[in-house]
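Trainee: Could you take me through a close look at a single part of this model, with the cut-offs spelled out as you go?

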Amino acid sequence: MSSLTYLESVGVGLLQGVTELFPVSSLGHSILIPALIGGQTKADLDVTADGSPYLSVLVGLHLATALALVVFFRRDWIRIIRGLFSSIRKREIASPDQKLAWLLVVSTIPVGVAGLALDRLLRDALGKPTPAAAFLALNGLVLLGAERLKRGGTGRRRAGHSAATGPDADPELASDLRISRLSYRQGVWIGAAQILALFPGISRSGVTMSAGVLRGLGHEDAARFSFLLATPVILAASVLKLPELLKPENAGVRGPLLAGSLAAFLAGYVSVRFLTKYFESRSMTPFAIYCTVAGLGCLAWLNL
């Protein structure tokens with residue numbers, strides 16, 4: 001009989017808040033770690049088990065992580081939403097904020113359609129430890145491949161993406177300006193990469209960052225665009241599945257879920273704050289190595 005303790009929920013919340021934003025796959029880790037721990041934890045935290053509240057809890061934790069992104073990027077989202085409404089009102093796309101708003105809209109459509117069509121099918125078919133381990137290793141290879149094939153330098157030194165400098169320059173505005181120079185075709189290509197994250201073990205932030213650097217963005221801008229892209233997708237998916245948590249059979253997990261959501265929010269906020277600084281001058285290579293080694297190691301442990 002599966003249940004959910006406060007300790008398990010807080011632990012999964014911390015795990016979700018970190019791994020959703022680091023390019024290492026939150027769903028992959030949420031499947032693999034309980035399987036490696038074994039015992040009652042494995043039974044409680046099984047996304048494919050009949051009657052398990054774990055999947056509903058993960059939905060709530062995703063919502064908490066998305067709220068952490070909204071809080072961190074609140075100034076950006078205010079400008080983006082204003083840009084969207086001003087663009088609609090004036091029937092023009094003239095400013096960087098207006099362009100960025102429409103980039104986010106059109107780039108979110110592919111994964112929204114694919115998520116509605118494939119999410120449950122892929123989760124039921126592949127939401128087991130062995131496929132998750134294999135896709136985690138593949139995620140590492142994707143990150144390594146993107147690093148090898150990227151154009152230019154890293155972070156703010158990326159050639160062709162210079163912006164305002166000096167003591168009055170706002171790095172957030174400068175980054176959004178560089179992102180807004182993407183074409184809609186490039187934006188859709190980057191946004192569509194999120195479809196791969198429907199496979200447990202493939203990281204949403206990892207594949208979108210990889211697509212971004214392959215389209216000429218620096219790591220800093222690719223990470224920023226990835227986090228902005230993820231926010232509406234995670235919020236929409238969470239709200240769509242939230243009624244599951246209101247069912248009578250899930251009443252017992254609401255207390256642990258609240259504790260886990262708080263942990264996920266705090267972990268997510270700290271993670272995005274760290275990563276936006278990290279990717280100013282560093283690459284995805286350490287995460288690529290980790291995913292490859294961890295994925296292959298889990299495959300060996302689970303099957304030998």
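Mentor: Let us start with Lys99, which touches Ile93, Ser180, Arg181, Leu182 and Tyr184 when residues up to four places away in sequence are not counted, a contact being heavy atoms within 4.5 Å. This is a predicted model, in which local features need pLDDT of at least 70 and side-chain atom pairs count only at pLDDT 80 or more, while totals for chains, interfaces and linings use all residues. Residues are numbered from 1 along each chain as its sequence is written, and side-chain values use heavy atoms, with hydrogens and water left out.

Lys99 lies in helix H6, residues 96-126, where helices are DSSP runs of H or I with at least four residues, numbered from the N terminus. Lys99 is buried, that is, under 20% relative accessible area with a 1.4 Å probe and protein chains only. Even so, Lys99 has no salt bridge, a term that requires a side-chain nitrogen of Lys or Arg within 4 Å of a carboxyl oxygen of Asp or Glu. The nearest side chain of opposite charge, that of Asp97, is 12 Å away, with Lys and Arg counted as positive, Asp and Glu as negative, and His and the chain ends not counted.

Ser180, one of the residues that Lys99 touches, brings us to helix H8, residues 171-180, which packs against helix H11, residues 219-241, at about 85 degrees with the axes 10 Å apart. H8 and H11 are therefore roughly perpendicular, the word used for angles of 65 to 115 degrees.

Key. Axes fitted to C-alpha atoms, helices over the stretch in contact; angles between N-to-C directions. Helix = DSSP H or I, 4+ residues; strand = E, 2+ residues; numbered from the N terminus. Parallel < 35°, antiparallel > 145°, perpendicular 65-115°, else oblique. Buried < 20%, exposed > 50% of the residue type's maximum accessible area, 1.4 Å probe, protein only.
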